[in-house]
Amino acid sequence: MRKVLPFIGAACALALVGCGGSPSGAADDSASDQGSGSELSVPLPEGWKQISGKSDFSAIKADPKLPVEVEDGTGTDVEVKDIDKIIVAGDGVASTLGALGLGDKIAAAPEDAVSPEATDAPEHFEFSKSTGVEGLLAMDGSLFIGDNVKRHGDVAKQFRDAGTDAVVMDDQQSQGDKLKAVASYVGAKEAGEELAKTVDDQLADAAKTAEETGSKDLSIIEVTATGAGGQNAVAGTGTPGNEMIERLGYTSVGAESKLRGYSREFSNEGIVASAPDVIVMAESDYEKWGGEDGLWKAFPTLDQTPAGQNSSIFVMPDAQLKYSSPEIGVGAQALAEAVAQLP
């Protein structure tokens with residue numbers, strides 16, 4: 001089913017305006033038998049699937065050794081001395097700390113976070129260009145962990161200038177390296193390596209499933225309602241979903257189109273031309289669109305693609321698709337098994 005993607009690629013990915021597009025940001029309505037996603041507030045249309053895997057990291061117990069000297073994703077050398085009150089910048093960091101058994105160290109998280117570890121944090125904050133970092137500094141945390149070099153590099157510097165340890169994870173590295181980075185920042189390098197190996201083994205198992213079932217020759221597009229600037233977007237390189245898709249041996253429409261991160265640089269014509277065989281999205285995105293009609297409104301030509309015409313559409317837990325969580329491994333297993341069941 002693999003197609004030569006005439007998608008935006010070199011021709012249109014970098015010339016979307018010229019392509020005329022407007023930038024924008026389970027096999028039934030029951031959960032599949034692969035796991036249990038959260039209950040959706042919006043019912044799924046007939047033919048769509050909610051899929052998920054089950055993870056268990058209870059055997060991994062971090063024993064932080066502090067102080068620890070690390071080099072973060074910005075290339076800054078930092079000595080981390082105290083992890084009792086961690087301010088996390090995103091769900092990926094929060095879920096990784098949770099998998100390491102350190103979720104109780106999270107003191108504050110973004111108010112729009114969706115991971116259990118972040119939503120359970122004692123305090124929440126809004127952070128944007130307009131709010132600045134003063135509110136974060138006032139939270140009296142002992143460590144700030146950012147998850148985006150461009151977005152949080154200066155924030156971390158301001159923390160350090162104020163006397164609080166701060167590090168930023170390189171958001172363009174592999175998911176396994178992201179897990180190990182977060183673990184190293186809290187003095188738990190060995191546990192991080194164990195966690196990353198567990199996830200890597202799950203990804204390898206999922207890739208084996210994809211290969212054995214002969215389902216690798218297809219293309220998948222991941223769409224989101226919360227891309228850059230909170231706009232509709234297509235996932236490209238550097239995103240967990242893109243890495244998952246490529247690790248399974250499928251073609252990622254976003255990567256093929258040279259998109260980076262959750263990008264709005266796509267066109268309606270390009271989406272049709274890319275002809276994805278499968279559409280994937282996170283549960284929170286599906287609910288934010290309010291269901292099928294909202295998705296087609298956000299991406300007006302997506303329903304014209306093979307995936308749209310065949311209802312080859314999967315909705316997955318955010319932690320297993322959208323952010324850099326240790327659950328990306330079981331998400332890959334669920335996706336490979338679901339794709340294998342497509343007609």
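Strand S4 (residues 86–88) and strand S5 (residues 106–110) run parallel, joined by two bridges. Strands here are DSSP runs (E, at least two residues), as helices are (H or I, at least four), numbered from the N terminus. Two strands pair if DSSP finds at least two bridges between them. Across this pair, isoleucine 86 stands opposite isoleucine 106 in S5.

This is a predicted model, where local features need pLDDT of at least 70, side-chain atom pairs count only at pLDDT 80 or more, and totals for chains, interfaces and linings use all residues. Residues are numbered from 1 along each chain as its sequence is written, and side-chain values use heavy atoms, without hydrogens and water.

**The parallel sheet**

S4 and S5 belong to an open sheet of five strands, ordered S6-S5-S4-S7-S8, with parallel pairing. Strand S6 (123–125) and strand S8 (165–168) are its edges, each pairing on one side only. From one strand to the next, the twist averages 20 degrees. Helix H5 (residues 149–161) packs on the sheet and touches S4, strand S7 (143–146) and S8. Contact means heavy atoms within 4.5 Å. The direction of H5 makes about 170 degrees with that of S8. Axes are lines fitted to C-alpha atoms, for helices over the stretch in contact; angles run from 0 to 180 degrees between N-to-C directions.

**The hairpin**

Strand S2 (residues 68–71) pairs with strand S3 (residues 77–80) in the antiparallel sense, over four bridges. Glutamate 69 stands opposite glutamate 79 in S3. Five residues lie between S2 and S3 in this hairpin; in the turn, glycine 75 has a positive phi of about 85 degrees.

| Face of S2 | Residues |
|---|---|
| Covered | Val68 and Val70 |
| Uncovered | Glu69 and Glu71 |

Notes. Buried < 20%, exposed > 50% of the residue type's maximum accessible area, 1.4 Å probe, protein only.
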